[in-house]
Amino acid sequence: MQISDRAIFLKEGKMIWVVSESKGLEELFDRLKIMSAGVPLLRLLERWKPTTVGLQVFGDLATKNVVTLEDETLDLFLKDGTIRKNFSAEFGYVIVKWKNGVLGCGLYGKEGLKSQIPVEGWQQVKARNHDP
C-alpha cells in the first residue's frame, strides 16, 4: 500500500496532516479554509519529526529505520532512559515497535536510542499488548 496514491497531504504552519482522498475534498478544504484534518503526520521542530499517532497509524508500512524493543528494555526506554545499544537503523528518528504494536518515535544516535513518545501515546499500545 502506498499512502500517497490514496491520500491528500495538508500543510499548515509547522504541521502536515494526511487524510483519505475523496472526490472534491481538496476543493472543499480550500473553499472552507480548513487548516487541519485527518491524522497529524509530521511536526516541524528543528527538522521534520513524525508524530506518535502518525507512526501508530502508518508505522507498520515502514521497511527501514524500525527498531523493535524487547521486554527487558521497554521500561527504561519509556521512562525517558537511553538504551545504549547498536540497532540496524540510520541515526535520526526511528519507528519504535514492541510486540505487535508501534509505540511511536525514538531518536537514535551515537548515545543510543531515546524515547520521543508522550506518555499517553505508549500507554494505549502497552495496554493492548499486555500479557495476562
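I looked up Gly-109 first: its bridge partner in S9 is Gly-112. S9 covers residues 112–115 and runs antiparallel to S8, with 4 bridges joining the two strands. Strands here are DSSP runs (E, at least two residues) and helices are runs of H or I with at least four residues, both numbered from the N terminus.

The model is predicted, so I note its limits: local features need pLDDT of at least 70, side-chain atom pairs count only at pLDDT 80 or more, and totals for chains, interfaces and linings use all residues. Residues are numbered from 1 along each chain as its sequence is written, and side-chain values use heavy atoms, with hydrogens and water left out.

Sheet. I traced an open sheet of 5 strands in the order S5-S7-S8-S9-S6, with mixed pairing. Two strands pair if DSSP finds at least two bridges between them. S5 and S6 are the edge strands with a single partner each, so one side of each has no neighbour in the sheet.

Core. I then checked the largest nonpolar core, which has 15 residues; Val-67, Leu-69 and Phe-77 are among those with the most contacts inside it. Such a core is a set of buried Ala, Val, Leu, Ile, Met, Phe, Trp, Tyr and Cys residues joined through side-chain atoms within 4.5 Å. S5, helix H3 (71–78), S7 and S8 (101–109) each give two or more residues to this core. Beyond its neighbours within four places in sequence, Leu-69 has contacts (heavy atoms within 4.5 Å) that include Leu-74, Ile-83, Trp-98 and Leu-113. I also found a second, separate core of 6 residues, including Ile-8 and Val-19.

Salt bridges. I counted 2 in the structure, the criterion being a side-chain nitrogen of Lys or Arg within 4 Å of a carboxyl oxygen of Asp or Glu. In one, Lys-97 and Asp-60 have their closest N and O atoms 3.3 Å apart. Lys-97 is in S7 (92–98) and Asp-60 in the loop between H2 (52–58) and S5 (66–69), so this pair ties together parts 37 residues apart in sequence. Lys-64 and Glu-90 form a salt bridge at 3.4 Å, N to O.

Accessibility. I used relative accessible area with a 1.4 Å probe, protein chains only: buried is under 20%, exposed over 50%, partly exposed in between. Asp-60 is exposed at 52% and Lys-64 is exposed at 55%, while Glu-90 is partly exposed at 46%. Thr-51, in the loop between S4 (48–50) and H2, is buried at 2%.
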